Amino acid sequence: MALIVLAADKGAPGVTTAATALAAVWPRPVLLAECDPAGGDLAYRLPGADGGVLNPGKGLLSLGAVARRGIEPAQIHEHTQKIVGGLDVLAGLTHGEQAGGLTWLWGPLGRSLAGIPGADVIADCGRLGTYPHVNDLIAEAALTVLLTRPSLDHVAHLRERLSITKAQGVVVIANPRRYRASIDEVRRIVGQHVKFVHGLADDPKGAELLRGQWGGRLDRSLLIRTARDLAGRLVSYQ
């Protein structure tokens, strides 16, 4: 169906939380893929479907070990795991040093993720700029979204990144007290460079709940409520 990339420039502000929240409420079948070459922490952050820990060795690391001759979309699911709530995840590398031996992986991985039948893929690509090979994956995306906080330094870095990245949209991680105003400010500064600017609540309590069992408190959190709205908007752009 579609590959949707989430990434950031300075500090990767909440990319993993945003990707997880969106995947949890995505209105269509979806796979959450941790594609940050610097290493990820989904395997340590999210509980497995059985309540236990995920296997950090099963994911991009195991896929890279068997896929040097190419990756077929059907292979991806052999390396995914389920978390509490039933969401399928492709766990990422555990540290950045592993990316050095997998520079060939990103292009074939992007093509395979984009070709998975019957499901969208939300790919967390973390902070851009340090590992240029991940651009081969991003080039395969139907939609690339950059995340930012509304502070001056973050928006300045965002403008520079937009000048060299073909991102279609921006998501502002905004304080609920200034939610609309923050989004409008960022839209005024960068709106001419992208198709859309939307928001996601900066909700530390919701992010903590997202690490555990899904329940009513999480469903009512600002994080999930704004994620539902954002997910619907992103689906409409495909």
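Me: How many aromatic pairs does the count come to in this predicted model?
Reply: The count comes to one aromatic pair.

Me: What makes the rings of Phe-196 and Tyr-237 a pair, and why is the pair called stacked?
Reply: Rings pair if their centres lie within 6.5 Å, and planes under 30 degrees apart count as stacked. The centres of Phe-196 and Tyr-237 are 4.2 Å apart and the planes stand at 5°, so the pair is stacked. Phe-196 belongs to strand 8 (residues 196–201), while Tyr-237 sits in the segment after helix 11, 41 residues apart, and the pair thus links distant parts of the chain.

Me: Why is Phe-196 called buried, and what is Tyr-237 called?
Reply: Buried means under 20% relative accessible area, exposed over 50%, and partly exposed in between. Phe-196 has 4%, so this residue is buried. Tyr-237 has 29%, so this residue is partly exposed.

Me: Why is helix 1 described as roughly perpendicular to helix 11?
Reply: The axes of helix 1 (residues 15–25) and helix 11 (residues 222–236) cross at roughly 75° and come within 9 Å. Angles of 65 to 115 degrees count as roughly perpendicular, which makes helix 1 roughly perpendicular to helix 11. Helix 1 contributes Thr-17, Ala-21, Leu-22 and Val-25 to the contact; from helix 11 the residues include Leu-223, Ala-227, Arg-228 and Leu-234. By class, this contact has nine nonpolar residues, one polar and one charged.

Me: Why is helix 1 said to be largely enclosed by the rest of the structure?
Reply: Ten of its eleven residues are buried, so helix 1 is largely enclosed. Among the buried residues are Val-15, Ala-18, Leu-22 and Val-25.

Me: What is the strand order of the open sheet, and why do strand 3 and strand 8 count as edges?
Reply: The eight strands have the order 3-4-2-5-1-6-7-8, with mixed pairing. Strand 3 (81–82) and strand 8 each have a single partner strand, so one side of each is left without a neighbour in the sheet.

Me: How do you know that strand 2 pairs with strand 5 and with strand 4?
Reply: Two strands pair if there are at least two bridges between them. Strand 2 (residues 30–34) and strand 5 (residues 120–127) run parallel and are joined by five bridges. Ala-33 has Ala-123 as its bridge partner in strand 5, and Leu-32 stands opposite Ile-122 in that strand. Between strand 2 and strand 4 there are three bridges, in the parallel sense; here Leu-31 stands opposite Asp-88.

Me: Which helix packs on the sheet and touches strand 2?
Reply: Helix 5 (residues 106–114) does, touching strand 1 (3–8), strand 2, strand 4 (88–90) and strand 5. The direction of helix 5 makes about 130° with that of strand 1.

Me: What makes strand 2 covered on both faces?
Reply: Five of its five residues are buried. Val-30, Leu-32 and Glu-34 lie on one side, Leu-31 and Ala-33 on the other, and all are buried.

Me: Why does Thr-80 count as buried, and what does Thr-80 touch?
Reply: The cut-off for buried is under 20%; Thr-80 is at 9% relative accessibility, so this residue counts as buried. Thr-80 lies in the loop between helix 4 (73–76) and strand 3. Leaving aside residues up to four places away in sequence, Thr-80 touches Leu-31, Lys-58, Val-89 and Leu-90.

Definitions and conventions:
Residues numbered from 1 in each chain as written. Predicted model: local features only at pLDDT ≥ 70, side-chain atom pairs only at ≥ 80, totals over all residues. Heavy atoms only, no water. Axes fitted to C-alpha atoms, helices over the stretch in contact; angles between N-to-C directions. Helix = DSSP H or I, 4+ residues; strand = E, 2+ residues; numbered from the N terminus. Parallel < 35°, antiparallel > 145°, perpendicular 65-115°, else oblique. Contact = heavy atoms within 4.5 Å. Nonpolar A, V, L, I, M, F, W, Y, C, P; charged D, E, K, R; others polar. Phe/Tyr/Trp six-rings, centres within 6.5 Å; stacked < 30°, edge-to-face > 60°. Buried < 20%, exposed > 50% of the residue type's maximum accessible area, 1.4 Å probe, protein only.
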